Amino acid sequence: MMQEYIEIENTTKDVIVDNFYTVLSVELGNTTIKSFIITTNLKTNKSYLINKCVKLTRNIRSPLAGEEVFGKTIWQKPLSKEAIVDSIYDIICECLSGAQLEVDDLDFVVRSTGIVAVAELSDMMGVIIKALSDGCLKCGITPSQMKAPFKLDNIPQHIRRYSFFNTIEFDGSIVSVNPAYKALVSNQMESELVNAGIKLASKNSLVDFRNPVMSIDMGTTLAGCIVDSSTPYANTLCYFIGVAGAISDILLRGCEIINESDSAIDVDESVYSIENYDEIGQNTQKIHEYITVDEVPPDVSEYGGVKVDRSEYNDSSIKVIGSKIDDEKKLIETFNRCIKNYNNDEIMLQIDDINAYLIKRIVCKCKKLNLICQDMSVGITGRAAITGCKRQLTTDYISDIFDDIIFMQDGLALGALMMARCMNSLGSPINPIGGLKNGMCIMQQRVAYNKK
């Protein structure tokens, strides 16, 4: 079994030369707002982090008089379009300034959001995406830096030789996965980008994370997907939805380690020594009695706070696996009884085990539904999966199912970067990201497929 924790290596703007593709990614989530500047060597597919800025979504300014409040985050933070624009403008300017870069130094700018996973906000996706775009424009980013090129001449000249745009235009597929033209779940795009991001990050590791794969994002809400080994494009077999990091937030608020407006991100999650584990494992079983992990029934429109819309998928074989809290009051009461005599380190270890066990339950449900094949790898990202002892505990729980396990930060941001590459048809045939594990580049298969 190979387990890897991938952190994108830090570098400076001086590393950027002609074969590097430099992208700014800005992401609005339920808990954090992030801006990254990442550059990728198009020969090796290795990525480097030039700068990263993170702010808390709860600190977005309150809507001003006359501004329309179009919705709230999962933690009831009121949002206006103008407030989002200002926050995006501020974090992009800070990120560029910290890297000593100008807008003109960027080859592309991508925007993504996990906030629309919240059921009540999913219908407002257009407003949120427009606010992200307007924040970018306010910084001086041009529309051409944010949209598909439509022809080779619109791709930056220094990377044009790496583009296959004249051979195969962008067809909606991201890293050799069939595009979904209708949303089955409101976090669908987030799930597909996370999958692409983990594939890109794997090029900085020894793991060949190509199809078939499972990707799990343990952010505030659960996201991710499973894709098969079909060629040239894989099919999505399953999406993940529901609560993830939000469980930690609820429990830590319930035992008063954090305030009602805070989240687990406010707690210093160091790596703790794993002692008294038998008792902690027993506690986890008791606490999980109030958390359901199951295939989402066909007749529901929301599960774990995430919207489901099967109107375009009545005959689809795509599964949806969700997590939800059945009884929040009993969940908190049980947790408080279990940690009654624990110190803070023991409490955080208990939190880690609860999250790791949630991943195990997701994996076991997929296995029961025959969604996991023998050569499948799993990639895991998100705040509720990579801090403290979560990686070690998760590996202990699922290492008998997977030969290769990848943990990484910021899968969504890297996925947005990967989407930008796909939109510009920037491939690396000698070190491909798409295709099958241990396989060759699938460019010729894609060309033949699209000719049909």
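Trainee: At what angle do helix α8 (residues 344-368) and α10 pack?
Mentor: At about 35°, with the axes 8 Å apart. Axes are lines fitted to C-alpha atoms, for helices over the stretch in contact, and angles run from 0 to 180 degrees between N-to-C directions. Helices (H or I, at least four residues) and strands (E, at least two) are DSSP runs, numbered from the N terminus. The model is predicted: local features need pLDDT of at least 70, side-chain atom pairs count only at pLDDT 80 or more, and totals for chains, interfaces and linings use all residues. Residues are numbered from 1 along each chain as its sequence is written, and side-chain values use heavy atoms, with hydrogens and water left out.

Trainee: Is the crossing of α8 and α10 left-handed or right-handed?
Mentor: Right-handed. A crossing is left-handed if the near helix is turned anticlockwise from the far one by less than a right angle, and right-handed if clockwise.

Trainee: Which residues make the contact?
Mentor: From α8, among them Leu349, Tyr357, Ile359 and Val363. From α10, Lys390, Leu393, Thr394, Tyr397 and Ile398. Contact means heavy atoms within 4.5 Å.

Trainee: Which strands does α10 lie across?
Mentor: Helix α10 (residues 390-398) lies across β1, β16 and β17, and runs at about 160° to β17. Another helix, α4, lies across β1, β9, β10, β11, β16 and β17 (404-408). The angle of α4 to β9 is about 115°.

Trainee: What is the strand order in the eight-strand open sheet?
Mentor: β1-β17-β16-β9-β10-β11-β15-β12, with mixed pairing. Two strands pair if DSSP finds at least two bridges between them.

Trainee: What makes β1 and β12 stand at the edges?
Mentor: β1 (2-6) and β12 (291-295) each have a single partner strand, so one side of each is left without a neighbour in the sheet. From one strand to the next, the twist averages 10°.

Trainee: Why is strand β10 called mostly covered?
Mentor: Six of the six residues in β10 (residues 222-227) are buried. Buried means under 20% relative accessible area, exposed over 50%, partly exposed in between (1.4 Å probe, protein chains only). Leu222, Gly224 and Ile226 point one way, Ala223, Cys225 and Val227 the other, and all are buried.

Trainee: Why is Ser176 called buried?
Mentor: Its relative accessible area is 7%, so Ser176 falls under the cut-off. Ser176 lies in the loop between α3 (125-138) and α4. Its contacts include Lys199, Asn211, Tyr233, Gly434 and Gly435, not counting residues up to four places away in sequence.

Trainee: What makes the approach of Gly435 to Ser176 a polar contact?
Mentor: The backbone nitrogen of Gly435 lies 3.0 Å from a polar atom of the Ser176 side chain. A polar contact is a pair of N or O atoms within 3.5 Å; within protein, one must be able to donate a hydrogen and the other to accept it, and residues adjacent in sequence count only if both atoms are side-chain atoms.

Trainee: Where does Asp208 lie, and what does its side chain meet?
Mentor: Asp208 lies in the loop between α4 (188-201) and β9. The side chains of Asp208 and Arg210 make a polar contact at 2.8 Å. Beyond four places in sequence, Asp208 touches Ser377, Lys437 and Asn438.

Trainee: How do you know that the span of α11 agrees with expectation?
Mentor: The expected span is 1.5 Å times one less than the number of residues. For the 13 residues of helix α11 (residues 411-423) that gives 18 Å, and the end C-alpha atoms are 18 Å apart.

Trainee: What makes α11 largely enclosed?
Mentor: 13 of its 13 residues are buried, so the rest of the structure largely encloses α11. Ser425, with a positive phi near 55°, follows α11.
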